[in-house]
Each structure stands twice: as structure tokens, then as C-alpha cells.
Amino acid sequence: MSAAMAEIGPYLALILVGFLPNEFWRVLGLVLVRGLDERSQIVVWVRAVATAMLAGVLAQLILASSGALAAVPVGVRIGAAVTGFLAFLVARRSVFAGVAAGIGAFLLGAYWLSH
Amino acid sequence: MAAEPERPPKTAPRALLDGLRAAFGSVLFYVLLGNYLGIGALAHEFGFSVVWMVLSTLLIWAAPAQLILISTLGTSTLIEVALAVTLSSVRFLPMVAALLPMLRAEGTRQRDLLLPMHLTAISVWVEGLRLVSTRPRPERVAFYNGLGMGLMFAAVVASAVGYHLAATLPPLLAAALLFFTPLAVLMVSARNSRTLLDALAFALGLAVWPAVAAMKLGLELMWTGLIAGSIAYAVHRVREATR
Amino acid sequence: MDPYLALILVGFLPSEVWRWLGIVLGRGLDENAEIVLWVRAVATALIAGVVARIVVIPPGALAGVPLSVRLVALGGGFVAFLLIRRSAFAGVLAGEALLIAGALAFGA
């Protein structure tokens, strides 16, 4: 069982797995009482933070890869991600197109650079 | 409309002061002192800093969640801790939903309810329910905030003192201080068990945990809660059905 | 950080779940009384698990007291609680007394 707290520090752990899951229920109680206002500042802030966190996780996955992924040069990983995203935009925001293009670019780049 | 003249509502700072006074005069003030003395000691023995302990009281303000954090953070994955804390804090939803409408007055903005929302914990809620209805509406938010902050103050001070005691007491007394928390939780849960469901859930929890922990699957607290709680609930349903 | 945790956090928080939750909750909690009971049972059992855990895998100074002493003190305290008009105070006092007596006699 990994002592995950050692990785992120006790204070971040306090907030992430102590404060958030706990306060979540209080906020839900407030929401129940007041009705949900999608534009309320709390919701807006939470969504912004969560989206930023998601971006951070993605960046970490691409830039600080481990295992088999690390064998592929960083340039290829970034290039593949960008290619995938561009394909997504071009193909009328098709997730399938983006993923397919990204993986395709990744495989091409990895193959090409190792030969 | 010859209604009896009511006294004009007090200003917010005055109502807050009233709330503080109510907190300091409440039995629950001392209960919290005792509780958090033990929790502070546990935090020390589990290797957290006193700053962390005090911060956890301010940010989380829930003894069960804090106990879960303190006793499992060092040895469990983050997801396990998060799941256990999430399960343990569900009661805040109905508590906040039941109490906050009592605080609302004309002109109360949603953000005015954020502090009362955060300050809501069992002791604050119990006293709040009892006392807030005796105050005129415009005073209630400030009063409740005072009540909550006063009780939180007891917990914060006791956290730091308990922490320090664990650091300085001889081993035997420190052990007794640490043992206080499980003892107190057991007795208070037993005393507050209004129904068979409550008592059975607790008893089964005690019995199921060793089994689940021995299996070393991880997520032991979550599984303990789900398994033991579900069995207790099933027993309750069977009893209800065969009445 | 733990990827599964990140996934749940960022997957859940920004999504449409908020709106859905608002609608579901708006219908009030009364309809879900049975769920409330079950959830309460789960939370209670979980707290009991925490108690068991602290007694069976204690930190620091408490670990110096033999397990049998800890268990007897917990059980004995509970019995005292039952016998003395369900007084939590009596239970805690008895439990502490048993612990200290046991620790002096058998360990630490």
C-alpha cells in the first residue's frame, strides 16, 4: 500500500482528501436549500479548478511519462498530442478523429525515430 | 396592527457576541474540549505537525473525518482516505439543509450562508437548532456564526493542548490520553443509538473491520462501512417486514 | 499524484452532474428515507471501524500497552457503561482505569 501522502505532502493531502470530500456534503446541503444556480460563483470556481487540475494531470502524463511511454522521445509525445487536437478541431470536434489521429501520429513518430 | 413592540434586532457584531457567549456557556463546549484533547494527542503520535492538526480542525471541523485522516493518511492510498472521509460525512447534507433555512432573513445573500454552512458540525447544529429559534430572524446568521466559532475555538485550543500533552506526558499517561478517543467514541455512539439499526451497525463495524483488514485488499474502512452497514440495514428491513 | 484520484476528482467536478444533482436533490430527501437509513448505517459502521483500527493498530505510546489489555479495557468500559445507567462518563472512566491498571500490571 503506497503511502501516497508522502508524494504530495500532508497539507495538500489535508485539502484534497480531507477538506474536499468532507465539505462537499455541506455544500450540497446548501445547494439543496438554495437551489442550484449554475452561474453561482462557487460552481464556477470549482469547475475552473477541476479543469485546471485535469490539464495538469494531462501535462504530467505527457511530459513526465513513465514506463514504456518514457521510451518514446518527448517531442513525439507532444507532437502527437498536438496533432490529435488539431484533427479534433478540423473534424468538427470529433473525439474519435482526435484520438485516432493522435495515436496514429504517436505510432508513426515512434517508429520513424527509432529507425 | 397593534402588535407588541419587539425589541429592535441587534446589530451583527452584538448578535455574534451573543452566539459566542452561548458557545462558552454550553455543555458541548466542554465535550468538544475533551474530544479534541484526545484527537490532538493522536495527531502527535501519528506524526503530524501541530499546525497541520489545527488546520485540519479549522478546515474540516468534523471529528470522524479528522480521525480517519489522522489514522490512515500515512499508510493508505489517497483514494482510500478520500472514500472513507466521503462516506463518513454524508450527514452534513441533511444537517445543513435542515438548519440553514432557519437562518435566512430578508436580504440574506447566498454567500452569507457560506460561513454558517462551514461551521455546521454536530455540536453546533444541536445547539443551533435549540437556540436560534429564540432569536429574531435578522440576528440569526450572526448568532449562529458566533456559536460555531466559539465551539470551534474550544476544539482548536484542545487540539493544540492535546498535541502538546502527548509530546510531554510520560508514556503511561500518554497511552491513557490516546485511548480516550476510541473509548469516548464507543460510549457516545452507544448512548446515542436510538434504534437497533444504529447499535447493530456500530457493533458489526467493530466485528467486521478486523476481518476486512486481515484480507489486506485495501479500502478497509470503506468496505467495513459498506458490509457491516448493509448487514445492519438488512436486519432492520427484515424486522420491519415481519412486524 | 494518484491517477485514479485525479480522474475521479476532475471527472466528477466540472461535469453536468452538478445540474443533475440539483434536480434530484430538489425533489427533497423524504422520498429517499430508506437510503438515508442505509447511509447512516454505513457511516456508523465506518466510525466503528476507525475505533477498532485505533485500538488494534495504535500509534506511539498506546502501542506500548499489550493488545489484550487494550481490548479488555475497551470491553470493560462498555460493560460499565451498560451497568451504570448508560453513562458515557462512567464507561470512559472505567475503561481508562482498566487500561492504566492493565498497563501497570502487564506491560509497557
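1. In it, the axes of helix H12 (residues 220-241) of chain B and H3(C) cross at roughly 130 degrees. Angles over 145 degrees count as roughly antiparallel, and those from 65 to 115 as roughly perpendicular.

2. Now look at the residues where H12(B) and H3(C) meet. On the H12(B) side, they include B:Leu221, B:Gly225, B:Ala228, B:Ala232 and B:His236. On the H3(C) side, they include C:Leu37, C:Trp38, C:Ala41, C:Ala45 and C:Val50. The contact of H12(B) with H3(C) has 13 nonpolar and six polar residues. It has no charged residues.

3. Step back to the whole contact between chains B and C. Chain C gives 46 residues and chain B gives 54 residues. The largest share comes from H3(C), with 19 residues. By class, this side of chain C has 35 nonpolar, seven polar and four charged residues.

4. Chain A touches chain B too. Here 25 residues of chain A are in contact with 35 residues of chain B. The chain A elements that give two or more residues are helix H1 (4-8) and helix H2 (10-34). H2(A) supplies the largest share of the chain A side, 19 residues. That side divides into 17 nonpolar, five polar and three charged residues.

5. What is chain B built from? Chain B has twelve helices and zero strands. Its C-alpha atoms fill a box of roughly 70 × 55 × 30 Å along the principal axes. Chain B is divided into domain 1 (12-192) and domain 2 (193-243).

6. Next, see how the two domains of chain B meet. Their C-alpha centres lie 25 Å apart. Domain 1 gives ten residues to the contact, and domain 2 gives nine. On the domain 1 side, the elements giving two or more residues are helix H4 (63-72), helix H5 (78-88) and helix H10 (171-192) of chain B. H5(B) gives the most to this side, with four residues. The domain 1 side has five nonpolar, four polar and one charged residues.

7. Helix H8 (residues 122-132) and helix H9 (residues 137-168) of chain B pack at an angle of about 145 degrees. Their axes are 10 Å apart. The crossing is right-handed. B:Ser123, B:Val124, B:Glu127, B:Gly128 and B:Val132 of H8(B) take part. From H9(B), the partners include B:Arg140, B:Phe143, B:Tyr144 and B:Leu151. The contact has six nonpolar, three polar and two charged residues.

8. Compare a pair in chain C. The axes of H4(C) and H5(C) come within 7 Å and cross at roughly 150 degrees. H4(C) and H5(C) are therefore roughly antiparallel to each other. H4(C) passes H5(C) in a right-handed crossing. Among the residues in contact are C:Val69, C:Ala73, C:Gly77 and C:Phe81 of H4(C), with C:Gly91, C:Gly95, C:Leu98 and C:Phe106 of H5(C). The contact divides into 15 nonpolar, five polar and one charged residues.

9. How far can you trust the model? The predictor gives the complex an ipTM of 0.86 and a pTM of 0.79. Chain B has a mean pLDDT of 91, and 98% of its residues reach 70 or more. Residues 1-5 of chain B stay under 50. The model has zero contacts beyond four places in sequence for them. Chain C has a mean pLDDT of 82, and 69% of its residues reach 70 or more.

10. Where pLDDT is low, the predicted coordinates should not be read in detail.

Conventions. Residues are numbered from 1 along each chain as its sequence is written. Chains are lettered from A and ligands numbered from 1 in the order in which they are written. This is a predicted model: local features need pLDDT of at least 70, side-chain atom pairs count only at pLDDT 80 or more; totals for chains, interfaces and linings use all residues. Two residues are in contact if their C-beta atoms, placed from the backbone, lie within 7 Å. Ala, Val, Leu, Ile, Met, Phe, Trp, Tyr, Cys and Pro count as nonpolar, Asp, Glu, Lys and Arg as charged, and the others, Gly among them, as polar. pLDDT is the predictor's confidence in each residue, from 0 to 100. Axes are lines fitted to C-alpha atoms, for helices over the stretch in contact, and angles run from 0 to 180 degrees between N-to-C directions. Domain bounds come from an automatic or database domain assignment. A crossing is left-handed if the near helix is turned anticlockwise from the far one by less than a right angle, and right-handed if clockwise. Angles under 35 degrees count as roughly parallel, over 145 as roughly antiparallel, 65 to 115 as roughly perpendicular and the rest as oblique.
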